[in-house]
Amino acid sequence: MSDRETRCNAGGQFMDRGRMNQNGVVQPLLTDLYQITMAYAYWKSGKTDDHSVFDLFFRSNPFHGEFTIFAGLDECLRFLESFHYSESDIEYLRRTLPEGTENEFFDYLGDLTAKDVTLHAIDEGTVAFPRVPIIKVEGPLIIAQLLETTLLTLVNYASLMATNAARYRMVAGKHVNLLEFGLRRAQGPDGGLSASKYSYTGGFDGTSNVLAGKLFNIPVKGTHAHAYITSFSGIEELKARLLKHKLTAGVTGDLLELAIKYRQKLSTVLNVSMEESSEGELAAMVSYAIAFPDGFMALVDTYDVKSPAKSTNSNNITAKTVTKAVISKSNAKNLSDKRSTDINETKLPITTTSAGINMTNGWTVHPNGNIDNINNAVSTSMENDTNKNDQNISNNNAQPHDSKYHACMSRLSQRSLSNLCKKTEKSFRSGLLNFCAVALALNDLGYQAVGIRIDSGDLAYLSCLARETFERVAERFKVQWFNKLTIVASNDINEETILSLNEQGHKIDCFGIGTHLVTCQRQPALGCVYKLVEINGQPRIKLSQDVEKVTMPGHKNAYRLYSSDGHALIDLLQKVSETPPEVGQKVLCRHPFQESKRAYVIPSRVEPLYKIYWQNGKITQKLPTLELVREKVQKSLKTLRNDHKRTLNPTPYKVSVSDNLYNFIHDLWLQNAPIGELS
């Protein structure tokens, strides 16, 4: 058994390799079968000593943006370092490859390592652009070919994830914390770990993923779920109520008693009826505060609590059911697709706008509880029908455009949604009242609460309400730190959600982002490719009717040229035999494929993009820590003009070739393009 297998079996999937850890799954068999069959064909053809150059690059930036963050280099180098087919690998390949594959080939694979490979790359965390190779691989054709799939899988998702995270960081702003909460929604455990690692690289401040915290030294953050709140039904379930004073030895306080005392006072200050507050919620918060008095952060939107004196209509949709969908565009579906036979089960699609909560059936519910009919498709006179018994929708045999269907849905809307925001606020205020009571009780015992998390509802409106509440409590009870309590928001947040919340003037201090971040829902793949551009010193070109797929042949160097104001201006590709551009010297930069697009550039700074990271079987550069890569991302982004980074219609960054390389590409193109014949 090989050393790799021993380490993997003993240490689990990820092996401690020192700096950033190495995934035990990343090994030579993590590849496509055709790489190995090609290797055999190369071997049979006597091409084992052919010297090749491959470029790894992408053709377009993701997420409709104009930049990409290069990530994954560290794992590529660790892969090269450990590249070796184990005995069990060879035995598996003997059984898998077609009969007739010569035994000597398997002996050849058993002795194969990456010692003869040279890898050039740009620094991890650097902004990269289409067509500029982010990695160049030189070496024997067989080994360079065998590296293809593994290098691509290590770079593609890592770069996509880091870019996605960097975009979230830009729209959120530097003063708002970002936490990655996506493990449960990620594409498997490997996807979850990679998402945590590269979201941190891209600018996130922490993760909920505990294993990622251990492996990559990423700050781990978390609160509790609604399940913890709902696990308590009343204060009589509290088995622990006492808490030692943080500063005064020998002093113990009854946290529940203190919290109840403060809740009575806060009820008047915040104008919240005691009947609107859940006893089970208070018990849960007291319990959690006793467990974590220095880190008390509570989820405050679990219950929609109604007064016992009021009758509860069984057909009403609870605020929790509705508000869980409020901020998420992805939950908005046309009502015509929802033909439930039970009104109780009808889920109404909602999105949030600066004007209020927008119902896709034409209604807008404003934060003050009023409803406007945008489409004028349903008469507001339906208010008179609210006391009538609702008919079963299925009994009407209603179709999406039937008047009976609309009338029924109108009555439902009028009855269940006219007070949606009021109910949402009450639901929220129950949690807010209980949180403030427990936080003030903790204060009496020398502790400071951390803050709250909001997981549903109109996040902008509720965050402003929470901040206003904290300020009022701080003033009334003379606890100034209450003004600085953290407000965390979650609930299917994406880039557009944050932009919308920014426009609405939210008071959120931290976003917890999961699904849209880790799955990169706007674009699930970056599309990096790995192309042969030179063999035995002879250039190779791939031709296509689609110009975007035509490769730029030959071994090339890349330089980033900066303008007089210090921003990156253009990336320039040259043949390796050409003299590098110089500061203050005019350089002719040409579009790779459009003859008329060209310009002279006089750079104020010239940055060579490539370094040799692997040569003679060794890593040749001191590799940065994950923290340093994270800093590199932000420094590299600062070199771009704002118009290249903006969310809407960003300015494309220019990638060019030298005049010499331009002529070389087009001469080779003409030499390899077939000549047609007309008759």
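Trainee: Which strands and helices are included in what covers the buried residues of helix 19?

Mentor: Let us begin with the setting. This is a predicted model, and its protein chain holds 21 helices and 29 strands. Of the 679 residues in the chain, 55% are buried.

Helix 19 itself runs over residues 626-638, which amounts to 13 residues. From the first C-alpha to the last, helix 19 reaches 19 Å, close to the 18 Å expected at 1.5 Å a residue. Its buried residues are L626, V629, R630, V633, S636 and L637. Seen down the axis of helix 19, these buried residues fall within an arc of 130°, so they line one face of the helix. The spacing follows a general rule: an α-helix has 3.6 residues a turn, so residues three or four places apart point the same way. On the other side of helix 19, K635 and K638 are exposed.

As to your question, the cover over the buried residues includes two strands, strand 4 (68-69) and strand 6 (127-128). It also includes helix 7 (148-172), helix 8 (188-202), helix 9 (210-216) and helix 20 (642-645).

Technical notes:
Residues numbered from 1 in each chain as written. Predicted model: local features only at pLDDT ≥ 70, side-chain atom pairs only at ≥ 80, totals over all residues. Heavy atoms only, no water. Helix = DSSP H or I, 4+ residues; strand = E, 2+ residues; numbered from the N terminus. Buried < 20%, exposed > 50% of the residue type's maximum accessible area, 1.4 Å probe, protein only. Expected span 1.5 Å × (residues − 1). Arc of directions from axis to C-beta. Contact = heavy atoms within 4.5 Å.
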